[in-house]
Amino acid sequence: MLTRIVHSSITRRLVTALGTLFGVAVLVFIMLRAIPGDQVTAQFGIESGALTPAQRAALESYYGLDQPLLVQFFSWLGNLFTGNLGFSARAHLSVAELTAQSLPVTVELAVITIVLSLVLGVPLGMLSASKPNSARDGLGQVVALAGLSIPAFLLGSSVMAWVATFWGQNPNGQAFARLTDNPMLNLQQMILPAGVLAFGIAAPIMRTTRTAVLDIRAKDFIRTARAKGVPKARIQMRHILTNALVPITTMTGLQFGYLLGGAIVIEQIFSLPGIGRQVLVGIEQKEYAVVQSTILIIAVCFVLVNLLTDMLYRVIDPRVRAL
Amino acid sequence: MLIRTHKKHLPAAVAAIGALAVLAGCSGTPSSTNSSTPPPGTSSGGNLVIGVTSDVDTLFPWKATQFNTVNVMQVLYGTLTEYDQDLNVVPGIAETWDVSDDRLSLTFHLRSGVKFADGSDCDSADVKSSLDKIRDEATAAVARSQLSSIESVEAPDAATIVLALTSPDAGLLSSLASINTAILSSDDTEEVLNETPNGTGPFQLKERKPSQSLTLARNDNYWGDKAKLDTVEFRIIPDETSIVTAMQSGNVQMSVFDDPLVAQSAATSANATIQEQTQLAYHVLQLNATKGDLTDINVRLAIQCAIDRQQVLDSAALGEGQVTGPVTSPAFRSDPAARPCPERDLDKAAEYLGKAGKADGLTLKVMVSSGEYATSVNEAQSIQAQLAEAKITVELEVLESGAYVDRWLAADFDAAVALNGGRPDPDQAYSRYFTSTGNLNAVAGYSSPELDDLFAKGKSSDNDAERKQIYNQISNILEDNAVWVWLFTSFTYTATTSNVQGYIPMANDSMQYLRTTSIN
C-alpha cells in the first residue's frame, strides 16, 4: 500500500515535471521564432540584403531554417532523446560540449553565492528578530533594503572599479581559470561576483528568517521551554532556528534555482563564461538550438532543485516525514 | 548600417555609471602583468592581450561581417591587394598587376614564396579556386556582388591570374583588398577552416576557447616582414568598463572603444594612450523618398534645413566627431557645406514646408535601434527636438536591433537613424544604395537615371581626378535632393598601455597593423 502511494507520488511528480519541461520547450520555441530576424540576418546583418535568393536558400538550408516550423520543433525534440542537443555554428561546438563548459561555472557561482547569502542573511535575520523594532532590527532592515534595492550591475561595476583603483587588481581581467586548473585564481575570480550576488540574495533570506523566527518565538512550546529554564542559546538554536528552517530552505531553494538560470548581468560584468552568457550569445546570434536546449537544461536544473528542496524538508522537519 | 555587436549587451547606463565610478577614484597605478612577460630565455616580441566585448561569430573569412570577426580574419588571411594606412590599394599576395588597354582584362603577378599557415604553397590555382567559389551563389560569400564585373578567372601559370571583366571596374582592386575576398587554399573547405583557419596572414590560430578567448601566434611562413609579437590574445570581456579595469590592473594592454566616455576613463584611470581615428562609417538620418510626405523633395529639404548636424553631434556624442557629407573615404571626401542648407535655417525650412503645402507642419515616423551603438537614441532625440521647432513632429520608434535590421532590410520605415558602414571606394559604398539595380536600393528609397549614369561613369573611369569629380557630382545630387540627411562621422579610440608600440589604427577599423605592433 505504502509502496503504491510512494510510487504514485513519484510518478505524479515525474509527469508534472515532464509536462513543465515540455511547456518550457514549446514556449521557448515559439518565443524565439517571434523575435524578428533569423540566424542569417543575425550573422550577416544588413549584408543579408545583398544575398541573392539562391545564396539565402543555401544559408537557410545550412542552418536548417528551410524546414517547416513543426518539423524543426520535432526534429529538435527527437534529437534530444538521442542525446543530441544541437550544434553551435558560432562556437563550432555541440551544445552538450558548450554546456559541459558553462554549467559548472554557473553551479560554482550559485553554490558560493548561496553559502555567502546564508552566512550573511540568517544571522542578520536572527539578530533583527532578537529585538524587534530596536536599533539592531532597524540596522538589519536597512541592510536588507539596500541588498534588495541596489542593482547588481551597479554594485558589480563599482566594486570592480574600486578594487582595480585601490589595489591595482582585477582577477576577472585575466583569462578565466577553471576550478580544476587553477583553484586559487578561480576562487579570486568567483568571490567578487558571488559576493555581489549574495548581497542581493541575502536580503530575502534575512527577511524570511526574521519573520519565521518571530513567528516561532511566539509559539507555546517556546514559552514552555523558557519556563522550564532551557538556556537561551539552546532555545535560539535548537528550538527556534530548527523550526524556522523550513521557510528559509524554501526561500534558499528558490533563489538557488534562479541562480542556476545564470546571473546574466553579473556574468557579463565579471566575464564569467557561465550558462547565462551561453543563452544571451545564443539569442544574439539567433542560434535556436543553442537557446532551446540550454533553456531546457536550465529548466531541468530548476525542477531538480525543487525536488531536492522538497526532500530536504523531510530531513529538516519530522512532521513532513510523518506524512 | 554597421554591424557592431560589441555595444549591445548591456544598457549604456552600465558603461556610463561604471565609467563614472572609475573616474571617481582614478589614482591607481597599473601593476605589472604576468601575461605580457615572456618566459626567460626566449627571443620575443611579447604577448599582447586585446580586450574585446564579443567573440567571433565565424572563422570563415568569406562570411565574416561583424566588426570583431573581420578584425581577427584580417590578420589570419591574405588578399590579392591590401590597403595601406591611408586606404590606398597596395600589393598583397599579388606583387604587381597590369590592366589591358580596353580595361577588360586584369593580370595579376603573384608574389613568390607565399605560403599558407600549414606550410603549403599559395599559387594561382588557390587564387582561381577562391575567386570562383566566392562568385558561386552556393557558397553564400558576402563579397559575391562586389566581384560581379568578373566574367572569368584564368590561371595560365602558377604565378599568374587573369581576370576577364564584363566592363571596366575601377573599384575592383579595392574590392579585392577586402578580407571577404581572402585567398584560401583550394584543398580547404568551410567546415575545416571553421575548426582550423589556414591563411597567408601574419598570424595563425593558436587556441580558441569560445566566449572566453582567441589566441593567435606569429605565422613564421608569412611572406612579408614577420610580426613582432609572439602571440595576440583577443580576450572576451563583454562589458567595456570591465575592460578598462582590466587595463588598469595590467591584464589587458589594448582595446578599441567607440564610446568617448569609456575612452576617457581608460586614459585617466588606466593611464592608457588613446589614438583617435575618424571612421569611414557615417551617422545618418535615412529618409525613404518613396513613402508618404517624403516623396516631396520640399519636405525632405525642410528636414535637412531644420537639422543642425553639429548640435546632434554635440548632444549625442559629446562633440566627438566631424560633421560630414555623403562620401567619407579620405580620397573622395565630400564637402560637408555643399548642400542647400549648410547651416541650420528655420526660415528656409518653413519656406520649403510652405512649398510642399505643409505650412502647418507634419508628422514623421523615425525608427532607431536601441543599444546597437552608443549614440543612436540620443541622436534621434536631438533630431526630434530640432524638428519640433520646424513644426515637424517626430514619432520615435525605438526598436531592438534584430527588429530594426528586419524592418531596415524590408525598407519598412519612413525615416531611420542609422550608422552605415563606409567603404574606402565610394562606388562600393554607394552604388548598392543609389543605383536603380543596387541590392539595397529599396532601402535607400531613391534612384534616378542621372545617378545611374554617374555611378556607371565612376566605375569605368581609371582617372583619379575624374572619379573624384564624378563622386562630387553624385554627392551634390544626393544633398540637393535631400535624399538622406548625413550627420557626422565619429571616432574610434584605440587605447594602449604605455608598453605597446607600433600600432596604427585605420579608418576602416582594420587591425592589420598588429603585424607591426610590439610590446615591451
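## Two packed helices in chain A

Two residues are taken to be in contact if their C-beta atoms, placed from the backbone, lie within 7 Å. On that basis, in this predicted model, Leu245(A), Val246(A), Thr249(A), Thr250(A), Gly253(A), Phe256(A), Gly257(A) and Leu260(A) of helix H10(A) meet a set of residues in helix H13(A), namely Ile298(A), Cys301(A), Phe302(A), Val305(A), Asn306(A), Thr309(A), Leu312(A), Tyr313(A) and Ile316(A). The residues that form this contact of H10(A) with H13(A) comprise 11 nonpolar and 6 polar ones, with no charged residue.

Two packed helices are described by the angle between their axes and the distance between the axes. H10(A) covers residues 232–260 and H13(A) covers residues 288–316, and their axes come within 9 Å and cross at roughly 165°. Because of that angle, H10(A) is roughly antiparallel to H13(A), and the crossing of H10(A) and H13(A) is right-handed.

Ala152(A) belongs to helix H7 of chain A, which runs over residues 152–167. With 18 other C-beta atoms within 10 Å, Ala152(A) is partly exposed, since a residue would need 20 or more such atoms to count as buried.

When neighbours within four places in sequence are left aside, Ala152(A) is in contact with Val196(A), Leu197(A), Gly200(A), Val265(A) and Ile266(A).

## The overall build of chain B

Chain B contains 16 helices and 20 strands. Its radius of gyration is 24 Å, close to the 24 Å that the globule rule gives for 520 residues, and chain B is therefore as compact as a globular protein of that length. The C-alpha trace of chain B spans about 75 × 65 × 35 Å along its principal axes.

Of the 520 residues in chain B, 59% are buried. Among the contacts in chain B with a separation of 6 or more, 71% are between residues 24 or more positions apart.

## Where chain B touches chain A

In the contact between the two chains, 58 residues of chain B are in contact with 50 residues of chain A. On the side of chain B that touches chain A, the elements giving two or more residues are helix H1 (12–24), helix H5 (190–195), strand S10 (231–236), helix H6 (240–248) and helix H12 (401–409) of chain B.

H12(B) gives the most to this side, with 6 residues. The residues on the side of chain B that touches chain A divide into 24 nonpolar, 25 polar and 9 charged.

Terms used: Residues are numbered from 1 along each chain as its sequence is written. Chains are lettered from A and ligands numbered from 1 in the order in which they are written. This is a predicted model: local features need pLDDT of at least 70, side-chain atom pairs count only at pLDDT 80 or more; totals for chains, interfaces and linings use all residues. Axes are lines fitted to C-alpha atoms, for helices over the stretch in contact, and angles run from 0 to 180 degrees between N-to-C directions. Helices (H or I, at least four residues) and strands (E, at least two) are DSSP runs, numbered from the N terminus. Angles under 35 degrees count as roughly parallel, over 145 as roughly antiparallel, 65 to 115 as roughly perpendicular and the rest as oblique. A crossing is left-handed if the near helix is turned anticlockwise from the far one by less than a right angle, and right-handed if clockwise. Ala, Val, Leu, Ile, Met, Phe, Trp, Tyr, Cys and Pro count as nonpolar, Asp, Glu, Lys and Arg as charged, and the others, Gly among them, as polar. The radius of gyration is taken over C-alpha atoms; the globule rule is 2.2 Å times the number of residues to the power 0.38. A residue is buried if 20 or more other C-beta atoms lie within 10 Å of its own, exposed if 12 or fewer, and partly exposed in between; C-beta atoms are placed from the backbone.
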